[in-house]
Amino acid sequence: MSYLMAIDAGTGSVRAVIFDTKGKQISVSQREWTHLEEPGVPNSMSFDCQNNWLLVCECIKESLKNADLKGEEITALSATSMREGIVLYDNEGNELFAVANVDARACDEVKYLKENFPGIEEEFYAISGQTFALGALPRIMWLKNNREDVYEKVSRISMIGDWILFKLSGIIATDPSNGGTTGIFSLKDRDWQSEMAAKTGLKDDIFPPCLEVGTLMGTVSEKAAHETELCLSTKVVMGGGDVQLGSAGLGVVNEGDAAILGGSFWQQIVNISSGVIPPKDISVRVNPHVVKGQSQAEGITFFSGLVMRWFRDAFCDMEKLEAQKRGMDVYAVLEEKAKSVPAGSHGIIPIFSDSMKYGRWYHAAPSFLNLSIDPTVCNRISMFRSLQENAAIVSSINLQKIKEFTGIEIDTVVFAGGASKGTLWPQILADVTGCSVKIPKVTEATALGAAMAAGVGAGIYEDIVSAANRLVVWDKTYEPNMQNKQIYDELKTKFEHAYSAQLKLVDEGVTTSMWKAPGL
């Protein structure tokens, strides 16, 4: 029997996941990794290629052992990774410089580009769908300004998932979905836009081939086979960005399909044609999809999952003890109790993530507004529900922004990630958006998407779309309560007014922003 391997390089860990060709997960191995701030470089997040490659190898070997498989039984593999993280190489393929996704060392370079090249960010955004906040150009400029000897040696650039495939095959290349997040890219052409680098005074000859997801790159090298226990005949196939391949793993592969990925951060994505020009107000991000001819309009809600974890750990010790006694997850206990709280959570307004304002993006200070001193109304259960409602409200605002510039009417949303595991949050999302909310059965959507790519390269599936149609299975569907939607529409308006007022307090120096984009 044939098996496919997906290597998923996330922000906090790397995993090797083995699937059969029917999409059934056979085994998984995971290692946590840490991206450290470089000494003397504020806001940096370096990626340790040497040690992290050892962790990748450990995962591959352990996943084979857990599945009781030999390397030759893996027909093909592919990789996916956190987006925006980059690796720079010299002529011999040695890693010179690597950073993880939210490395923010290049604040001064972002300011320099905006001040010395008026309108350049808007010009590049119209082509690439990206701003400088997490883009590669400011980071490369930082290297030129601060490590000139290293910069002079730079010969190639790739993304972190591409780096894994390079270590396995010896070939440096990228794909549109991941490479596009550098911002040095054309959404329409689905290829590098090297003139952007030249225009800012940076090297314009460091860009490797850009291959569509599912393109066969080669096979595992002799060196990599020795390090990983894979076989020389195992095919190495181009992968892509984690959100986009995760979308494929959720069946979000047709124009107009929409999904909300509810993890530590929430992403709201809608598939659009590659020819759609990003909005002039720079309100959302636009990325190439893993499906040729498509892009994805993307809104991002910061910290939704992390805020919920903070709230659980800071306030919910009683529910933790109850969950332990009952053999339940603490979130299931909290949701069970929160179902008795009326829609709107007695008017409580959480101030955490704002809706996406990609061109000038910063957040207010974390807070709860409109609290009551009546403990029967304002308590940790009503505050817990208000956080669930607020994540859905901010998501719906981002979806509305996408609708405004694309004209796409959204009536169904795929909901996945940790937030989709309960029963209350999906229903709240349906009520807030007025959409049917579909929950897939798959628990490893990103890895499944990478396995689909591997299968396409091996000729097992015709393409990503047909693979998704073949492998994705649905678990539940939630229909909206339109009476609750009216309540949430009013709460949404109040939230937007309240958030605007809270941002003014940040501007006045009264409170401290939860997060600011580099260069602001």
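This report walks through the overall build of the protein and then one of its helices.

## About the model

The structure is a predicted model, in which local features need pLDDT of at least 70 and side-chain atom pairs count only at pLDDT 80 or more, while totals for chains, interfaces and linings use all residues. Residues are numbered from 1 along each chain as its sequence is written, and side-chain values use heavy atoms, with hydrogens and water left out.

## Overall build

The protein holds 18 helices and 21 strands (DSSP runs, H or I of at least four residues for helices and E of at least two for strands, numbered from the N terminus). Its radius of gyration is 23 Å, close to the 24 Å from the globule rule for 520 residues, so the protein is as compact as a globular protein of that length. That radius is taken over C-alpha atoms, and the rule is 2.2 Å times the number of residues to the power 0.38. The C-alpha trace spans about 70 × 60 × 45 Å along the principal axes.

Of the 520 residues, 59% count as buried (under 20% relative accessible area, with a 1.4 Å probe and protein chains only). Looking at contacts (heavy atoms within 4.5 Å) between residues at least 6 apart in sequence, 72% join residues at least 24 apart.

## A look at helix α13

Helix α13 covers residues 330-338, and its buried residues are V330, V333, L334, E335 and A338. Their cover includes α11 (304-315), α12 (317-326), α14 (380-406) and α15 (424-433).

How values were computed
Buried < 20%, exposed > 50% of the residue type's maximum accessible area, 1.4 Å probe, protein only.
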